[in-house]
Amino acid sequence: MKRFAIGDIHGGLKALQQVLERAKITPQDQLIFLGDYVDGWSDSANVISFLIELSQTHNCIFMRGNHDDLVHHWLKTDEQNENWLKHGGQSSKDAYSRLSKTDIEEHKNFFSQLENYYIDQNNNLFVHAGFANMHGPQNEYEAYMVYWDRTLWEMALSLDKKLKPKDLFYPKRLKLFNEIFIGHTPVTRINKTKPVNAANIWNVDTGAAFKGPLTMLNVDTKEIIQSDPVHELYPNESGRN
């Protein structure tokens, strides 16, 4: 069994299908999706339908991203957050206008069952964004922190590379897990288009919502499989650019 962590998709169904094909995924492999399936390219609703179908034949674990939570809230309440609309929400609204009520109910059920985090048998943490509590994501006072936090990643990037886990000033949060796999903050912000490793954290968000590719990272071997830059697959759209 191969295990893959999959970065933020943001409505790029064509990229998801491409990268799954390139990875030669089988039903025996495990797919750990790090969240943010929606808000960006025009296929947001189609991504969710595809993932629901994929989960019936493959071993899938789905994290909750902040954009997934925003879309779920809108589907339940019809409340529209202007900030959300400006950051990809309008594309999801447009996509869902083409779905039946039955499909929308199925999608709402999918969103409600997403995991806030997942810890595997090797004490690896999979989470959309990060966590702020010194005792781990399970101890956050507000559950939403795990799909909004950026402090964990910023800390890892700025960490003095001379520090070792046994040192007094080594961040305690990083000692809780063997490895941590996240999305949420595109590595394109630091001019990268492949997963970035800082301390024991792997950031797998390679900017698929913008002009980067969608990435699958083999959890055990660190093999990288990528789609074409997603904007090239949707040439007549702007995504979140």
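Helices and strands here are runs assigned by DSSP and numbered from the N terminus. With that in hand, let's walk through this predicted model, starting at a single residue. Leu176 sits in a loop, with helix 7 (172–175) on one side and strand 6 (180–182) on the other.

How exposed is Leu176? Its relative accessibility is 30%, so Leu176 counts as partly exposed, since that class lies between under 20% for buried and over 50% for exposed. Setting aside neighbours within four places in sequence, Leu176 touches Asn123, Phe131, Met134, His135 and Gly136. Take Asn123 from that group: 53 residues separate Asn123 from Leu176 along the sequence, yet their C-alpha atoms are 8.4 Å apart in space.

The largest pocket has a volume of about 450 Å³. It is lined by 27 residues, and those closest to its centre are His67, Trp84, His87, Gly88 and Arg240. Helix 3 (66–77) and helix 4 (82–96) each give at least two residues to this lining, and helix 4 provides the largest share, with 6 residues. By type, the lining of the largest pocket holds 6 nonpolar, 13 polar and 8 charged residues.

The second largest pocket holds about 160 Å³ of space. Among the residues lining the second largest pocket are Ile52, Cys60, Phe62, Glu106, Phe110 and Leu114. Strand 3 (59–62) and helix 5 (101–112) are the elements that contribute two or more residues to it. Here the lining divides into 6 nonpolar, 3 polar and 2 charged residues.

Technical notes. Residues are numbered from 1 along each chain as its sequence is written. This is a predicted model: local features need pLDDT of at least 70, side-chain atom pairs count only at pLDDT 80 or more; totals for chains, interfaces and linings use all residues. Side-chain values use heavy atoms; hydrogens and water are left out. Helices (H or I, at least four residues) and strands (E, at least two) are DSSP runs, numbered from the N terminus. Buried means under 20% relative accessible area, exposed over 50%, partly exposed in between (1.4 Å probe, protein chains only). Contact means heavy atoms within 4.5 Å. On a 1 Å grid over the protein atoms alone, a cavity is a set of points where a 1.4 Å probe fits but cannot get out, and a pocket is an open set with protein on both sides within 12 Å along at least five of seven lines; lining residues have an atom within 4 Å of a point. Grid points are joined across faces, edges and corners, and a volume is the space filled by probe spheres set on the points. Ala, Val, Leu, Ile, Met, Phe, Trp, Tyr, Cys and Pro count as nonpolar, Asp, Glu, Lys and Arg as charged, and the others, Gly among them, as polar.
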